[in-house]
Amino acid sequence: AEAIGQLVSSLFHSGLAAINISQIVSSLNDALVKRLVALASAKLGAAPTPFAWIVFGSEGRLEQTLLTDQDNALAYAEESDSARTYFAALATQVVGGLIQAGFPHCAGGFMATQWCKPLAAWQELFSRWIRLPKPEALLDAAIFFDFRTVAGNLSLESLDEIVAAAKSEKLFLSQMARGAMDFYPPLGLFNRLRSDDGKIDFKKGGLAPIVGLARVAALAAGSRERSTLERLNVATQSGVLLSREDATALGEIFPFLFQLRLQNQLQQLADKSAIDNSVKLATLSRLTRRHLKDAFVTIKRIQDGVRVAWQLDQLA
């Protein structure tokens, strides 16, 4: 983790865009996971059945930077006593290795030590989340539907097909769209920037709303793109949920916010202070604050438009 921090700093100050740096970081983390899985497999012996080590969240979207915890799970082909024992041990060793490397536990418990299931169970789980979109199911779907395989040779095409078929489930999509409204830009009276003790949380106030809207737009189009920008590209073509203009606007705002957040995190790293998603407004230039306000106003306008068009306030 420390070495990656140094690499990110070097790449950023050499002029590479934050969104491109995040793809490099995610690739390095993939390599780490593959190595840990290989080491664990060498120690435990051959797996009793094919498996897939899954990542999701920001790593699933290839959008990891400095502030990250573990978001992973395990799927294996066939259920048996030996499979349960083997993969529980594999999960424990790999998760433990990630902790040693500097990647802390997921506060929400979304790790392979707790999410280790046969493929049939994952298929049932994905189908149930779509069929019965209750609040907890929607939260899980928003997290897990960003999944991609990092290690193992078990095909998860059946899960991709379930997720792609969600485009015909209007109630599920509507509830997911409403979930994308749980985070909103920090704007006050007359659209003034609203801070908390002089700080703005860029993740809750800007990045999370865009990630949520892009995810629903991709699901509504039946696309299995993972990254936020690729999902917004899909939205510009499909016109579902977001207009071409709105999807393009979000596609311009996302890298801007991503860049400012990473810049702030690198300063926190240099100052040896806690790394978080909050940026002090006082550290931003007047021009940057103006662009930031315009970005937040645009996000809020698009959220309000989706809320009205999809009648989200009328959902039970």
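Select helix α4 and turn to the face directed away from its buried side: Asp-81, Thr-85 and Gln-100 are the exposed residues there (exposed means over 50% relative accessible area, buried under 20%, partly exposed in between, with a 1.4 Å probe and protein chains only). Helices are DSSP runs of H or I with at least four residues and strands are runs of E with at least two, numbered from the N terminus.

The model is predicted: local features need pLDDT of at least 70 and side-chain atom pairs count only at pLDDT 80 or more, while totals for chains, interfaces and linings use all residues. Residues are numbered from 1 along each chain as its sequence is written, and side-chain values use heavy atoms, leaving out hydrogens and water.

Next, select the buried residues of α4: Ala-83, Tyr-86, Phe-87, Leu-90, Ala-91, Val-94, Val-95, Gly-97 and Leu-98. Viewed down the helix axis, they fall within an arc of 155 degrees and so line one face of α4 (the arc is taken from the directions from the helix axis to the C-beta atoms). Just after α4, Gly-102 has a positive phi of about 110 degrees.

Now select β2 (72–76), which is among the elements covering the buried residues of α4. Asn-72, Leu-74 and Tyr-76 point one way from β2, Ala-73 and Ala-75 the other way, and all are buried.

β1 and β2 pair antiparallel over five bridges, whereas β2 and β3 run parallel and are joined by three bridges (pairing requires at least two DSSP bridges between two strands). From β2 the chain crosses through α4 to β3 in a right-handed β-α-β crossover: with the strands pointing away from the viewer, the path from the first strand over the helix to the second runs clockwise.

Key: Contact means heavy atoms within 4.5 Å.
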